[in-house]
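Subject: Structure handover

Hello,

Here is the structure you asked about. My notes on what was found in it follow below.

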Amino acid sequence: MALVERSAGDGNEVLVAEALSIGYMQPRHAPLVISEGISVALRKGELVCLLGPNGAGKSTLIRTLAGMQRPLAGRTLLLGECMQHISPRNRARHLSVVLTERVDVGALSASDLVALGRYPYTAWTGRLSATDEKAVRWAMTILGAAPLAQRRVEELSDGERQKVMIARALAQEPAVMILDEPTAFLDLPRRVDIMGTLRRLARETGQAILLSTHDLDLALRSADTVWLLAQGGAFHIGAPEDLVLNGAFQAAFEMDGIEFDPCSGSFRLHHPSAGEIGLHGDGVPALWTRRALEREGFSAKQNGEQLPLAVAIEGHTNQTLWHVRSGAYQQTCESIAEVIACLRSRA
Amino acid sequence: MHTLERLLRRSARTLALIALGLGLCVAFFLDLALGSVTIPLADVAAIITGGEPAKATWSDIVLFFRLPKALTATLAGAALAVGGLQMQTLFRNPLADPFILGISSGASLGVALVVLSTGATTGFLAAMDFLKSLSLIGAAILGGGLVMTLVIAVARRVRNNMTLLILGLMFGYASGALVSVLLYFSVPEQIQAYIAWTFGSFGGVTWSQMQLLAPTVLLGLMLAYLLIKPLNALLLGEAYAQSMGMAVVQARFWIIASTALLAGAVTACCGPISFLGVAVPHLCRALFSTSDHRILVPATMLMGATIALLADLVAGLPGSSLVLPLNAITALIGTPVVVGIILRRPRFRQSFAG
């Protein structure tokens, strides 16, 4: 599974959308089209992140691809079969979802919850066979949720809970897993953890994983492919880096007062310029000093000796000192906070 | 280690179920033995097994009055509790009961139409007699069935459970409004007869009516057993249930159909009995600390029947010839349970928002 073919129509495509038009039927009105002409393919072992600004229709696209909502036009194929013609049971054996909404399941143990993922395989009693039990254990182990098995779901933290929900989706042993903002309620370490787990899952089990997220930085670092849905329905596909380089990212997220910085791969606020400032120094302290100066509205120039305003960093093993020079005035500071206070008082 | 833990928990649950079953048997025999006349348990046993009791009249009391009453209470309690459980799961609403889709209000309308439109000359006693007649049951079935058919017809087309819930409530309000109009134009005797019906009673079911009640309730309970798997899937909500391969419209139809059979048959034979359907599922969830319907369905069945028998026992005020309204007793048992749940579970309040 380590090597993923990338040519079109190579047989590794598990979920294909053909000229898909997404949106909503409205009674007594023309249908509300969010985006049209979307043709994409999700391949085995591939981790795809769907990005886009709020309200661009990410959830609608996710729901349409998962077969939870009918497309206005076009069709989706799951393992070569038209989504609308597959029985719910067969579909659930090949495709599973994790949704944004947080559900209150009441008093169930984590392993009971994961076992619900065996729904499409069990008979009408819902009794688990040895194979089912094995699949449940496997799914929990691979997500690192095995120690949670006997814990009650309502007692779990948000991160643990999300792992259990993903384990439940995995217990369906699907070819495709679709996750709608799986990291929405989590703090940064938990988000990195979940993304890393999904990435590993795609590599190890050959699952195709599609997830929507607002976490741009993390998506750019983890995704094999990014699908970008911009406001107005424009749809771009590509390696994350390509989309940054060709400007699709900037265009999709354009907004007053905020700009996408292709150098860091993140957004930053426009600040009214406070002028240029020289910055002397290197290493980690210089990096964070630069950030602080930029936040203050300065544009920091390396080697700007001739500038009237400058900060020089003097690094020692156990202490860093900042020398602020403004014309003839000189001050030595022991922290960045002091540097900023000094600059503000000189302004 | 986990396996051992699970095994222990499983056997604890089995034991609790067996204990509930024993409790049901005790309550059943107490209900036969106690009443305006106290009959020793040995004689009750003799009568049931076809033997001769110490007094011949006891035989009639048990066979023609208390046995059908106890059986009715058992069936009705099990039916309402399982119906309530199904509705609470389907609508993800802890306050849902088997009547939430308007069955009891439809039945009330049917009964009100019959009671309140009959001649004003019939006195209260005559009306009481009349209450026990089949035409009343017929009216309740017709009224409840009509509302239920409407709701089921709508359920097949509506995509959202919340819409369905609100529609059911609105049907209920509409028939309630019609009932109050009818009440306004009625004489006190008729109103009293109607109100006597709304108090609910297990005592009005004859052996011939039992032939209708028992099979309907058993059918409804059997359906509930077949629906355990989709009910469990619905714990995650409809969207997830569907994504796991549940046919949503079909499952919803059968869950509502099962509840309609259970609640409809009980309302027709015993009147609108409140609170059992809300309180018993919560009691069982608390007792077994699980939401798993593989345990909850049999547990609510046993616990519902037991509590209905106990309520009937208390309403009969053993040793006196007085009978309290059954609904007053079920409400007195039910309200503390619901209040306790609201106070104990902070999450309970959140679940209204979602």
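This is a predicted model: local features need pLDDT of at least 70, side-chain atom pairs count only at pLDDT 80 or more; totals for chains, interfaces and linings use all residues.

**The two chains**

Chain B has 16 helices and zero strands. Of the 354 residues in chain B, 53% are counted as buried. Among its contacts with a separation of 6 or more, 78% are between residues 24 or more positions apart.

Chain A contains eleven helices and 17 strands. Its C-alpha trace spans about 85 × 50 × 45 Å along the principal axes. Of its 347 residues, 50% are buried. For contacts between residues at least 6 apart in the sequence of chain A, 63% link residues at least 24 apart.

**A sheet in chain A**

Strands of a sheet pair through backbone hydrogen bonds, in either a parallel or an antiparallel way. In chain A, four strands make an open sheet in the order 2-1-4-5, with antiparallel pairing. Its edges are strand 2 (32–43) and strand 5 (81–82) of chain A, each of which pairs on one side only. Strand 1 (residues 13–24) and strand 4 (residues 73–78) of chain A are joined in the antiparallel sense by five bridges. Within strand 4 of chain A, A:A73 is the residue that stands opposite A:S21.

Helix 1 (residues 58–65) of chain A packs on this sheet and touches strand 1, strand 2 and strand 4 of chain A. The direction of the helix makes about 130° with that of strand 1 of chain A. A:T64 belongs to helix 1 of chain A. Is A:T64 buried or exposed? A:T64 has a relative accessible area of 1%, so it counts as buried. Apart from neighbours within four places in sequence, A:T64 is in contact with A:L20, A:I22, A:Q69, A:R70, A:P71 and A:T76.

**The second largest pocket**

The second largest pocket holds about 1,300 Å³ of space. It is lined by 40 residues, and those closest to its centre are A:D112, A:L128, B:R10, B:D292 and B:R294. From chain A, helix 3 (110–115) and helix 4 (130–142) each give two or more residues to the lining. From chain B, helix 1 (2–33), helix 10 (228–233) and helix 14 (293–315) do likewise. Helix 1 of chain B provides the largest share of the lining, eight residues.

**Cysteines**

A disulfide is a covalent bond between the sulfur atoms of two cysteines. How many disulfides does the structure hold over all chains? The count is zero. B:C25 is in no disulfide, and the nearest cysteine sulfur, that of B:C284, is 16 Å away. B:C25 is partly exposed because its relative accessibility is 42%. A:C82, by contrast, has a relative accessibility of 16% and therefore counts as buried.

**Two residues with positive phi**

Most residues other than glycine have a negative phi. B:R92 has a positive phi, near 50°. B:R92 sits in the loop between helix 3 (56–91) and helix 4 (103–117) of chain B. With a relative accessibility of 33%, B:R92 counts as partly exposed.

B:S289 also has a positive phi, near 40°. B:S289 is in the loop between helix 13 (276–288) and helix 14 of chain B. At a relative accessible area of 35%, B:S289 is partly exposed.

Regards

Note on methods. Residues are numbered from 1 along each chain as its sequence is written. Chains are lettered from A and ligands numbered from 1 in the order in which they are written. Side-chain values use heavy atoms; hydrogens and water are left out. A disulfide is a pair of cysteine sulfur atoms within 2.5 Å. Buried means under 20% relative accessible area, exposed over 50%, partly exposed in between (1.4 Å probe, protein chains only). Two strands pair if DSSP finds at least two bridges between them. Contact means heavy atoms within 4.5 Å. Axes are lines fitted to C-alpha atoms, for helices over the stretch in contact, and angles run from 0 to 180 degrees between N-to-C directions. On a 1 Å grid over the protein atoms alone, a cavity is a set of points where a 1.4 Å probe fits but cannot get out, and a pocket is an open set with protein on both sides within 12 Å along at least five of seven lines; lining residues have an atom within 4 Å of a point. Grid points are joined across faces, edges and corners, and a volume is the space filled by probe spheres set on the points.
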